[in-house]
Amino acid sequence: MTDRTPVLSARGLIKTYGAVVALDGVDLDLYAGEVLAVIGDNGAGKSTLIKCLTGAEIPDLGTLTVDGTQVRFRKPQDARDAGIETVYQTLSLAPALDISANLFLGRERRRPGVLGSVFRMLDKSGMREEATAKVDDLGIRTIQDITQVVETLSGGQRQAVAVARAVAFGSKVVVLDEPTAALGVRESEQVLGVIRELRERGMGVILISHNMPHVFEVADRIHVQRLGRRAAVITPRDHTMSEAVAIMTGAATVDGTKEGQA
Ligand SMILES: Nc1ncnc2c1ncn2[C@@H]1O[C@H](COP(=O)(O)OP(=O)(O)OP(=O)(O)O)[C@@H](O)[C@H]1O
């Protein structure tokens, strides 16, 4: 994998808030077609890292590259323009609108009305057709009716709609912040299925999660964040969950030795 150019890469990210060093020189590499989980204890710097990767925060120091080209994100829209979408736990859906309208929120399709192109009407049927195709394409079987209003959907279905919206329009990286945190077993499995589907499509997925079984089920590699640094990058193949937790909490280093002995 190292001979490929990462779709998203960070080097030496530093971010401080007053006296607090949230990021202390963090590197991260994400490749197309992989799920990279980011794990870490509370306060390890996961959120700050994600914010710096997605334009929600500006790092004090460090560089970001997208497909090998250096970028500078000053706001979330800059990251979006570069193909990097984020789904926060809040999901930012419009509850009173249907699924189709939510997918097209802010990029509605219009068609000429009876009075010509001056009064352009919302192309609802066109949007519904396209939304159905996009939802099917992502293998989101949990959604059956694209005209269903979002406030009537279950948590897992809402999560799926938010992910579909994030990836529907040509993004290459999607960052998912605790996508299964509020979900039951079956719904979590559905969301993990969508994540696998994104990987199949060649997208790079960053998954922030405290749920170790979910991380180990779906991640290709795991970035372990500890005290503002990248403590290790491990794989579910080579490490157990308890080893991951030990690295996360400082009880062990990546080669299994106790911290301080390495
Ligand atoms: N806006 C802010 N102002 C001051 N300190 C902040 C701010 N944001 C984060 N921090 C501090 O930076 C450090 C890293 O926080 P961050 O939220 O990135 O950690 P986290 O790994 O996401 O934690 P959690 O799992 O609890 O969400 C913490 O010590 C936190 O208190």
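User: Where is aspartate 67 found?

Analyst: Aspartate 67 is found in the loop between strand S4 (61–66) and strand S5 (69–71). Strands (E, at least two residues) and helices (H or I, at least four) are DSSP runs, numbered from the N terminus. Residues are numbered from 1 along each chain as its sequence is written. This is a predicted model: local features need pLDDT of at least 70, side-chain atom pairs count only at pLDDT 80 or more, and totals for chains, interfaces and linings use all residues.

User: What about leucine 91?

Analyst: Leucine 91 also is not a glycine, yet has a positive phi of about 70 degrees. It sits in the loop between strand S6 (84–87) and helix H3 (99–103). With 20 other C-beta atoms within 10 Å, leucine 91 is buried.

User: How do I read the packing of helix H5 and helix H6?

Analyst: Start with the axes, which are lines fitted to C-alpha atoms, for helices over the stretch in contact; angles run from 0 to 180 degrees between N-to-C directions. H5 (residues 155–167) and H6 (residues 185–200) pack at about 15 degrees, with their axes 8 Å apart. Angles under 35 degrees count as roughly parallel, over 145 as roughly antiparallel, 65 to 115 as roughly perpendicular and the rest as oblique. H5 and H6 are therefore roughly parallel to each other.

User: Which residues make the contact?

Analyst: Two residues are in contact if their C-beta atoms, placed from the backbone, lie within 7 Å. From H5 the contact includes Gly155, Gln159 and Val163, and from H6 it includes Glu187, Val191 and Leu198.

User: Where does leucine 183 lie, and what is it in contact with?

Analyst: Leucine 183 lies in the loop between strand S9 (173–177) and H6. Leaving aside neighbours within four places in sequence, leucine 183 is in contact with Gly155, Gly156, Gln159, Ser188 and Val191. It counts as buried, with 21 C-beta neighbours inside 10 Å.

User: Which residues surround the ligand?

Analyst: A residue is near a molecule if its C-beta atom, placed from the backbone, lies within 6 Å of it. Among those surrounding the ligand are Tyr17, Asn42, Lys46 and Thr48. The largest share of the shell, three residues, comes from H1.

Technical notes: Buried ≥ 20, exposed ≤ 12 C-beta atoms within 10 Å, placed from the backbone.
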